[in-house]
Number of protein chains: 2
Amino acid sequence: MKKIINNPDNVVDEMLKGIIAAHPSYVKRVEGFEVLVRANAPQPKVALVSGGGSGHEPSHGGFVGKGMLDGAVAGAVFTSPTPDQVYEAIKAVDGGKGVLLVVKNYTGDVMNFEMAAEMAAEEGITVEHVVVNDDVAVEDSTWTTGRRGIAGTVLIHKIAGAKAEAGGDLQEVKRVAEKVIANVKSMGMALTTCTVPAAGKPSFVLGDDEVEIGMGIHGEPGTHRETLRSANDTVDHLLGKVLEDLSLDKDDEVAVLVNGLGGTPIMELYVANLRVAEVLAEKGIRIAKTYVGNYMTSLDMAGFSVTVLKLDAELKDLLFAPADTPALVQN
Amino acid sequence: MKKIINNPDNVVDEMLKGIIAAHPSYVKRVEGFEVLVRANAPQPKVALVSGGGSGHEPSHGGFVGKGMLDGAVAGAVFTSPTPDQVYEAIKAVDGGKGVLLVVKNYTGDVMNFEMAAEMAAEEGITVEHVVVNDDVAVEDSTWTTGRRGIAGTVLIHKIAGAKAEAGGDLQEVKRVAEKVIANVKSMGMALTTCTVPAAGKPSFVLGDDEVEIGMGIHGEPGTHRETLRSANDTVDHLLGKVLEDLSLDKDDEVAVLVNGLGGTPIMELYVANLRVAEVLAEKGIRIAKTYVGNYMTSLDMAGFSVTVLKLDAELKDLLFAPADTPALVQN
């Protein structure tokens with residue numbers, strides 16, 4: 001295992017400290033917990049909390065800040081955070097207007113975030129949650145009943161975060177988050193495996209010219225393995241599956257996220273993005289905004305995912321609203 | 001070779017098109033050339049042009065925009081752009097107040113940028129250039145006489161770009177760029193090799209637990225190979241070499257850039273950053289600003305570099321000035 005780490009047991013703690021050391025004006029630690037919250041509490045508003053296993057950086061701690069998240073809970077690598085960690089995040093960010101939890105659809109995450117919500121409710125904190133299931137690759141999976149939540153989650157952070165920042169109440173913020181979830185679809189592929197630090201060896205094995213299509217962000221199996229094809233063929237397949245699910249019409253507007261899985265050069269993401277743009281242009285679908293980069297990673301895995309979000313006027317306005325976080329600044 | 005590409009011969013062209021497709025409000029192509037310039041010409045001001053071989057994304061096209069570069073020239077992968085490409089960039093961005101070329105110290109880059117400057121001068125365009133040589137690892141190298149220019153280059157873009165945006169004249173912008181160059185030092189290391197698309201095979205071979213210290217961003221040899229050590233030991237070595245060269249005193253202020261080489265998970269960069277922050281804190285050196293991420297990459301190489309820039313009041317003000325580019329937005 002070749003990693004820039006000290007001890008696999010400390011990697012999440014040290015990472016969180018490293019994020020705070022880099023961005024002290026944005027984030028601080030909830031002492032004693034694997035939780036990052038905004039360094040300066042915003043004006044009272046609905047608070048957003050997300051999180052999950054670590055290994056997906058900059059998700060989710062990198063998106064704590066103005067116009068996105070108020071708190072992020074970091075489990076061990078690829079392991080759901082415990083309910084008490086989520087509960088601490090909820091308590092830390094609640095400003096009296098309620099808390100929305102944005103949960104990626106993994107059985108452990110959903111269970112633990114829901115349990116934390118119940119704990120908080122007993123303390124009189126109003127908590128709602130939404131479950132993100134944007135991955136169209138497979139129904140059910142290693143750790144999931146139903147579809148998995150992957151890179152599209154970042155667009156929920158962005159848009160629901162903007163709604164909360166603009167003063168939306170808890171039900172409005174939840175409604176917007178659910179609208180994004182209903183309209184965002186993703187699919188990914190892996191060129192290489194990934195290595196969980198505590199395991200010390202690759203999670204799976206791919207042949208020299210073999211890739212996995214529909215791979216999950218924890219190395220869960222996708223739809224099939226195949227020989228590496230061209231960027232264009234690969235995008236055509238992933239994007240085709242995404243578009244099958246979105247029923248877009250000519251002149252519809254979308255947002256695009258071409259997401260790197262951690263080990264993919266930015267050069268290659270832009271090559272993929274060109275094909276995404278070409279295919280959408282051929283269909284007369286307009287791209288309002290594109291994000292290209294490492295937003296929802298899978299440790300050192302090489303590969304990428306394509307996310308398309310169908311916009312309406314409300315979602316577009318919120319997508320374009322300002323954000324100021326360590327990993328996403330938008331004017 | 002496992003890459004998300006179509007044809008190695010088209011990778012730079014497709015990448016540039018993919019950047020424009022993603023960020024049309026920021027950048028456009030100089031038709032017929034591998035040159036990106038600002039989509040909307042700024043008010044007349046000193047223009048900044050940088051570039052070099054491709055494979056270092058988001059450098060340099062990702063830094064074209066307000067407060068940083070006006071133009072970026074993309075050579076073939078790891079290959080200096082030809083003088084005519086640089087010349088076209090100069091012509092495209094000159095607004096009558098002169099052009100500053102920011103050149104990383106590689107023999108081919110220096111020669112070709114200087115030749116382009118002469119071509120432009122013959123057309124009556126005032127051109128100056130600075131040569132970045134922040135890599136303290138080795139004197140002279142495979143393609144370099146003197147020290148190599150690496151990740152610190154991004155801080156020249158940021159600070160000299162801010163000076164130009166603020167209306168500084170060509171000599172002032174050049175003076176600021178040279179002040180940054182005199183005060184910025186970097187050193188990197190590689191966990192893995194990288195693969196140039198046209199070559200189709202790894203540029204070099206490292207053993208399973210072997211790393212190269214002082215590795216250049218094109219795979220040029222560093223100071224030595226060794227067995228992978230802990231993140232802390234590795235940072236202590238790289239940062240130690242950087243600090244030897246900077247002669248910092250207690251209470252001096254610095255900017256830090258912990259730069260990923262393309263295949264390094266963000267998690268690991270933050271683990272490294274924690275140690276950078278600890279070492280500087282122990283010495284009483286204050287960190288004014290930290291950047292962590294993929295800024296100057298080396299294709300799919302895993303590894304990182306540490307850059308420290310000694311600040312004074314002028315450099316600090318310019319570092320904190322707003323920037324709005326595809327790869328760096330700062331309020």
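Begin with the second largest pocket of this predicted model, which holds about 1300 Å³ of space. To find its centre, select Thr192(A), Asp300(A), Thr192(B), Thr193(B) and Asp300(B), the closest to that point among the 41 residues of the lining. Colouring the lining by class then gives 16 nonpolar, 13 polar and 12 charged residues. As background, rolling a probe the size of a water molecule over the atoms shows where empty space is left.

Next, turn to chain B and display its open sheet of six strands, whose order is β9-β8-β7-β12-β10-β11 with mixed pairing. Residues 224–227 and 286–293 of chain B mark the edge strands, β9 and β11 respectively, each of which pairs on one side only. Viewed along the sheet, neighbouring strands are turned by 20° against each other on average, direction ignored.

The helices that lie against this sheet may be selected now. Helix α4 of chain B, residues 153–165, packs on the sheet and touches β7 (184–190), β11 and β12 (303–310) of chain B. The direction of α4 makes about 40° with that of β12(B).

In which sense do β8(B) and β9(B) pair? Their pairing is antiparallel and extends over four bridges. To inspect a bridge pair, select Glu212(B) together with Arg225(B), its bridge partner in β9(B). In general, strands of a sheet pair through backbone hydrogen bonds, either parallel or antiparallel.

Technical notes: Residues numbered from 1 in each chain as written. Chains lettered and ligands numbered in written order. Predicted model: local features only at pLDDT ≥ 70, side-chain atom pairs only at ≥ 80, totals over all residues. Heavy atoms only, no water. Pairing = 2+ DSSP bridges. Helix = DSSP H or I, 4+ residues; strand = E, 2+ residues; numbered from the N terminus. Axes fitted to C-alpha atoms, helices over the stretch in contact; angles between N-to-C directions. Contact = heavy atoms within 4.5 Å. 1 Å grid on protein atoms, 1.4 Å probe; cavity = no way out; pocket = protein on both sides within 12 Å on 5 of 7 lines; lining within 4 Å. Points joined across faces, edges and corners; volume = space filled by probe spheres on them. Nonpolar A, V, L, I, M, F, W, Y, C, P; charged D, E, K, R; others polar.
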